[in-house]
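Q: Please take me through the classifications that can be made here, setting each value against the definition behind it.

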Amino acid sequence: MFIGELSRRTGVSTRSLRYYEQQGLLRPQRRASGYREFDESDVAAVRRVRILLAAGLNTDLIREVLPCTADEGAILAPTCEEMAQDLKHERERLSRSIEQLQAAHTMLSSIIHAGEAITAGAGCNG
């Protein structure tokens, strides 16, 4: 199938599919004319890429772990111990980021609350 058909079947834009190829996530065959030719396995590969992107992985890590993924219904499962370790490290990195964002959120809430108190006080006095 050509890139337009893969796009229709996966719901992913042709631009994104070209990017996935550029990043080494897809490896279509090339016809003599230069057209990309994808097969059925690429539909599944795009699905796995989308799941891994939604899980917060970058394309460099996806390129490494993609060969070690298996479809388990609606989710993926690691098939290599090394991949499981990479995913655990990525989850730890995400946890740290979440903690930093929560701290920033709390600080902003405090600033907003303090500002509202000052504004309310100024309105009453002025």
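This is a predicted model: local features need pLDDT of at least 70, side-chain atom pairs count only at pLDDT 80 or more; totals for chains, interfaces and linings use all residues.

Q: Why is Val 46 called buried?
A: Val 46, which lies in helix H3, has a relative accessibility of 1%. Buried means under 20% relative accessible area, so Val 46 at 1% counts as buried.

Q: Which residues is Val 46 in contact with, leaving aside its neighbours within four places in sequence?
A: With those neighbours left aside, Val 46 is in contact with Leu 6, Thr 10, Val 12, Leu 17, Tyr 20 and Leu 26.

Q: What makes Val 65 buried rather than exposed?
A: The relative accessible area of Val 65, a residue found in helix H4, is 1%. With the limit for buried set at under 20%, Val 65 is therefore buried. Not counting residues up to four places away in sequence, Val 65 touches Leu 52, Leu 57, Met 83 and Asp 86. Val 65 and Gln 22 are 43 residues apart in sequence, and the C-alpha to C-alpha separation in space is 17 Å.

Q: Why is Ala 55 called partly exposed?
A: Ala 55, placed in the loop between H3 and H4, has a relative accessible area of 42%. Partly exposed covers what falls between buried, under 20%, and exposed, over 50%, so Ala 55 at 42% is partly exposed. The C-alpha atoms of Ala 55 and Glu 72, which are 17 residues apart along the chain, are separated by 16 Å.

Q: What is known about the largest pocket, and which residues are the closest to its centre?
A: About 240 Å³ of space lies in the largest pocket. Of the 14 residues that line it, Leu 52, Ala 55, Leu 57, Leu 76 and Leu 87 are the closest to its centre. Helix H3 (40-54), strand E4 (75-78) and helix H5 (81-125) each supply at least two residues of this lining, and H5 has the largest share, with 6 residues. By class, the lining of the largest pocket holds 11 nonpolar and 3 charged residues, and no polar ones.

Q: What classes of residue line the second largest pocket?
A: The second largest pocket, with a volume of about 150 Å³, has 5 nonpolar, 1 polar and 4 charged residues in its lining. Among the lining residues are Gly 24, Leu 25, Asp 42, Arg 48 and Arg 63. Gly counts as polar by the class definition. The largest share of the lining of the second largest pocket, 3 residues, comes from H3.

Q: How many aromatic pairs does the rule give, and why is the pair of Phe 2 and Tyr 35 called tilted?
A: The count comes to 1 aromatic pair. The ring centres of Phe 2 and Tyr 35 are 5.8 Å apart, and since rings pair if their centres lie within 6.5 Å, these two qualify as a pair. Their planes stand at 55 degrees; stacked requires under 30 degrees and edge-to-face over 60, so the pair is tilted. The pair links distant parts of the chain, with Phe 2 in the segment before helix H1 (3-10) and Tyr 35 in the loop between strand E1 (29-30) and strand E2 (36-37), 33 residues apart.

Q: How do you know whether Phe 2 and Tyr 35 are buried or exposed?
A: Phe 2 has a relative accessible area of 38%, which lies between the limits of 20% and 50%, so Phe 2 is partly exposed. Tyr 35 has a relative accessible area of 54%, and because exposed means over 50%, Tyr 35 is exposed.

Conventions
Residues are numbered from 1 along each chain as its sequence is written. Side-chain values use heavy atoms; hydrogens and water are left out. On a 1 Å grid over the protein atoms alone, a cavity is a set of points where a 1.4 Å probe fits but cannot get out, and a pocket is an open set with protein on both sides within 12 Å along at least five of seven lines; lining residues have an atom within 4 Å of a point. Grid points are joined across faces, edges and corners, and a volume is the space filled by probe spheres set on the points. Helices (H or I, at least four residues) and strands (E, at least two) are DSSP runs, numbered from the N terminus. Rings of Phe, Tyr and Trp (its six-membered ring) pair if their centres lie within 6.5 Å; planes under 30 degrees apart count as stacked, over 60 as edge-to-face and the rest as tilted. Buried means under 20% relative accessible area, exposed over 50%, partly exposed in between (1.4 Å probe, protein chains only). Contact means heavy atoms within 4.5 Å.
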